Amino acid sequence: MSNGSAKLHSPKAGKTVKGLSDKAIAWLFVGPTVFLLLAINIFPLLWTVYLSFTNYKANRPNREIKYIGFRNYERILNDADIWLNMQATAHFLIWTIVLQVLIGFTLAWLINKKFRGNDLWTTIIVLPMMLSPAVVGNFWTFFYQPQIGLFNYVVSFFTGVDPSSFEMLGSVSLAPWAIVIVDTWMWTPFVMLICLAGLRSIPDYIYEAAEIDRASKWRQFWTITVPMVLPFLMLAVLFRGIENFKMFDLVVQLTGGGPGSTTELASINLKREAFEKWRTGYSSAFAIILFVTVFGLASIYVKALNKVKNR
Amino acid sequence: MIGFISGLFGLRRGPWEIVATIIIAVGVVMLMQPFVMWAFTYSFITTLVGTVLFIVVSHFRE
């Protein structure tokens with residue numbers, strides 16, 4: 001036995017640990033995590049709140065930091081460009097969640113039926129979720145190419161429209177939908193998996209009892225399947241909602257916020273303000289606005305989720 | 001309705017949480033709506049008031 005381990009197992013070491021109260025031992029275990037949480041989450045949050053009331057610029061650290069009150073907040077909330085960013089974010093958020101829930105639930109419902117090759121199909125459907133957003137963004141950029149892109153040819157095949165007559169990423173009206181399609185393609189499997197977990201948690205005897213009561217399939221779906229999957233579905237919406245509210249990588253890779261600023265989501269503008277224009281105080285205020293919005297929404301959502309679970 | 005109002009005056013959690021939830025929801029809609037600029041301007045303060053109220057009232061009695 002080495003010297004170190006001999007020390008650990010010495011009667012003195014045992015006595016010291018024995019001398020600690022349960023509370024002290026609990027703090028000993030929880031302490032490092034609490035410290036990391038404070039250092040990585042709480043301190044930066046409080047620092048951001050402080051910076052949001054100043055004119056601080058991170059690229060000029062030696063400049064005197066001036067307290068400017070609520071001026072950053074005032075500027076942001078009267079800025080028409082930021083208002084447009086929030087509208088673009090809302091469009092992206094609402095449509096991705098609606099499509100992902102509808103398609104994800106339908107896929108889960110189909111996969112839950114017992115058929116041959118069920119597992120293989122599940123694996124194939126889940127594949128997009130496993131790819132890196134940078135890779136997905138890159139190859140969808142090729143898909144959307146008007147001359148060589150597969151997407152335009154598929155649309156042309158079904159509608160008869162000339163494939164080179166429209167450009168998904170270059171058109172002001174189509175670009176917001178282009179990013180919605182890619183995010184839906186990538187993250188619908190995630191919603192599907194959560195719904196599938198919900199569907200598989202429903203015991204068969206409930207359906208059997210409904211069959212005995214001669215409830216139709218339609219009735220069974222609305223009175224058994226939907227209410228029992230609802231907590232799972234709400235959880236999926238919460239995850240996707242928070243994730244898409246701060247969506248950055250995929251959209252930057254696809255459009256870079258363009259054309260113009262039609263796909264410039266709030267997080268993209270935030271990054272530009274913070275690390276291209278170096279307006280740290282201003283971008284801190286913007287980050288706090290986004291944080292309060294997500295926090296408020298998540299609070300009421302978690303409350304609703306608990307209510308549904310207790311029902 | 002009478003139960004809701006008496007719950008508000010009696011500082012009960014349920015009705016106050018409904019009020020806070022409505023304020024947050026209105027704030028978020030104001031932030032993201034494409035119709036009027038003034039609603040966007042006052043959206044943050046509305047959401048903030050709703051969120052703080054939600055945190056406070058979640059400590060009220062059931």
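Reader: How many of the eight residues of α1(B) are buried?
Author: In this predicted model, a residue counts as buried if 20 or more other C-beta atoms lie within 10 Å of its own. Helix α1 of chain B covers residues 2–9. This helix lies largely in the open, because the number of its eight residues that are buried is zero.

Reader: Which residue with a positive phi follows α1(B)?
Author: The helix α1(B) spans residues 2–9. After it comes a residue whose phi is positive, near 50°, and that residue is Leu11(B).

Reader: Which element of chain B has the highest mean pLDDT?
Author: Chain B averages a pLDDT of 89, and 100% of its residues score at least 70. Among its elements, helix α1 of chain B has the lowest mean, 80. The highest mean, 94, belongs to α3(B).

Reader: Which helix gives the most to the side of chain B that touches chain A?
Author: The contact takes 17 residues from chain A and 17 residues from chain B. On the side of chain B, at least two residues each come from α2 (13–32), α3 (37–41) and α4 (43–57). With seven residues, the one that gives the most is α2(B).

Reader: How many residues on the side of chain B that touches chain A are nonpolar?
Author: Chain B brings 17 residues to the contact. One of these is charged and six are polar. The nonpolar residues number 10.

Reader: Which residues does Ala178(A) touch, not counting residues up to four places away in sequence?
Author: With neighbours up to four places away in sequence left out, its contacts are Tyr144(A), Met168(A), Leu169(A) and Leu254(A).

Reader: How many of the nine residues of α10 of chain A are buried?
Author: Helix α10 of chain A runs over residues 204–212 and is followed by Arg214(A), whose phi is positive, near 60°. The helix is hardly covered, and its count of buried residues is zero.

Reader: What separates the centres of domain 1 and domain 2 of chain A?
Author: The domain assignment places domain 1 at 15–51 and domain 2 at 75–310. Taken over C-alpha atoms, the separation of their centres is 36 Å.

Methods
Residues are numbered from 1 along each chain as its sequence is written. Chains are lettered from A and ligands numbered from 1 in the order in which they are written. This is a predicted model: local features need pLDDT of at least 70, side-chain atom pairs count only at pLDDT 80 or more; totals for chains, interfaces and linings use all residues. Two residues are in contact if their C-beta atoms, placed from the backbone, lie within 7 Å. Domain bounds come from an automatic or database domain assignment. Helices (H or I, at least four residues) and strands (E, at least two) are DSSP runs, numbered from the N terminus. Ala, Val, Leu, Ile, Met, Phe, Trp, Tyr, Cys and Pro count as nonpolar, Asp, Glu, Lys and Arg as charged, and the others, Gly among them, as polar. pLDDT is the predictor's confidence in each residue, from 0 to 100. A residue is buried if 20 or more other C-beta atoms lie within 10 Å of its own, exposed if 12 or fewer, and partly exposed in between; C-beta atoms are placed from the backbone.
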